[in-house]
Amino acid sequence: MTERLFGRKLTPINQRRLANFRANKRGYWSFWIFLVLFGLSLFAELIANDQPFLVSYDGGLYSPILFFYPETEFGGVLPTEADYTDPAVAARIEEKGWMLWPLIRYDQVTVAWDLPDAAPTAPDAQHWLGTDDQARDVVARVIYGFRISVLFGFTLTVISAVIGIAAGAIQGYYGGWIDLIFQRFIEIWSSMPQLYILIILASVIEPNFWWLLGVLLLFSWIGFVGVVRAEFLKTRNFDYVRAARALGVSNQVIIFRHVLPNAMVATMTFMPFTLAGSVTILTSLDFLGIGLPPGSASLGDLLAQGKANLQAPWLGLTGFFVIGTMLTLLIFIGEAVRDAFDPRKLFAAPPPAEATPDVRPSTTPQRAPQGAE
């Protein structure tokens, strides 16, 4: 059984949790598949880009993917940034050097001007999943859209969890009027029409990543409050909490060091499913047209294009399968996390080897004490 994780020694109970997580093979392998896909999307600029990694020209080396170079640097006449997809620029570079391109020669907003037919075009050797109605490569937009969806969902989930855990901890620990006032406020606040508020604000302000994140944070933290509040209401009357109060331990120490670790078990089980919901929120808003700014790579925008272009089924099918695969992986991971923190499964397995005392009988004969005869 693994004793260390990321260089830190695990306690016996965390070793049991890690073993239960690995025992769920479906969730364990889903975690690694999702981690690989997300890790690759973080380097989207190195996978799909309309600028080469390296350019060798007239004995010099250039890195357009990192630095700005004017067209005059490569024998042109314009002081603006060189367009390396321009046939004239590419021909001048090929005469005196070479270019090393990424796997996909298109960015999320790059327009393919050399299409054989009117956009959207079907998949071919150059565009593996075809192009959308703006002549942009679908594979490149899927990679960038996957990254922004996961980052948005992860950021929304983490910040919502921090706010919700803090509010639930205060309510559950202190109780009384504090709990009563907070609960009435949450009931009123949760009844606000969130979608209508987003539509009204989107008609006044152009939405962007941080704007949408801030608006959704106003409501998404409520889901964590009930879970944490229930755990604190149950735990605050336990004997060890009363003993800590009798010893003069401050409320802050009791909350964060003694009660919160128990409440985090239910919260950690809840978080993967919240992450899946947060990802679909951005997809839904983009599909309705009140999400990210026009032109941004988004899975919801891909679904909207598939709905608007029924003659191009690869658009809708690509968005459907990408979103379906992503949510399926997140749900499987959530099931594995639930098994890892389930108390019934946590203590059903045998204890770790290092925690089991050695009770094997000794084979060496023992001499009887004097007088025992």
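**Chatting about rings and pockets**

Q: Let's start with Tyr62: is Tyr62 buried or exposed?
A: Tyr62 is buried, because its relative accessible area is 14% and buried means under 20%. Keep in mind that this is a predicted model.

Q: Where in the chain do Phe21 and Phe31 sit?
A: Phe21 is in helix α1 and Phe31 is in helix α2, 10 residues apart, and the pair links distant parts of the chain. Phe21 is buried at 12% relative accessible area, while Phe31 is partly exposed at 30%.

Q: Back to Tyr62 and Phe74, what kind of aromatic pair do they form?
A: Tyr62 and Phe74 are edge-to-face, 5.1 Å centre to centre with 70° between the planes. Tyr62 belongs to strand β4, and Phe74 lies in the loop between β4 and α4, 12 residues apart.

Q: Which residues form an aromatic cluster with Phe21?
A: Phe21 forms one aromatic cluster with Tyr28, Trp29, Phe31 and Trp32.

Q: New topic, pockets! What volume does the largest pocket have?
A: The volume of the largest pocket is about 1200 Å³. Its lining has 29 residues, and Phe21, Phe31, Met268, Ile333 and Val337 lie nearest the centre.

Q: Which element gives the largest share of that lining?
A: That's α2, with 6 residues. By class, the lining of the largest pocket has 23 nonpolar, 2 polar and 4 charged residues.

Q: And how much space is in the second largest pocket?
A: The second largest pocket holds about 510 Å³. It is lined by 23 residues, with Thr85, Arg105, Tyr106, Asp114 and Gln126 the closest to its centre. The classes there are 13 nonpolar, 4 polar and 6 charged.

Q: Last one: where is Leu315 found, and what does Leu315 touch?
A: Leu315 is found in helix α13 and counts as buried at 0% relative accessibility. Leaving out residues up to four places away in sequence, Leu315 touches several residues, including Pro120, Thr131, Val138 and Leu302.

Note on methods
Residues numbered from 1 in each chain as written. Predicted model: local features only at pLDDT ≥ 70, side-chain atom pairs only at ≥ 80, totals over all residues. Heavy atoms only, no water. 1 Å grid on protein atoms, 1.4 Å probe; cavity = no way out; pocket = protein on both sides within 12 Å on 5 of 7 lines; lining within 4 Å. Points joined across faces, edges and corners; volume = space filled by probe spheres on them. Helix = DSSP H or I, 4+ residues; strand = E, 2+ residues; numbered from the N terminus. Nonpolar A, V, L, I, M, F, W, Y, C, P; charged D, E, K, R; others polar. Buried < 20%, exposed > 50% of the residue type's maximum accessible area, 1.4 Å probe, protein only. Contact = heavy atoms within 4.5 Å. Phe/Tyr/Trp six-rings, centres within 6.5 Å; stacked < 30°, edge-to-face > 60°.
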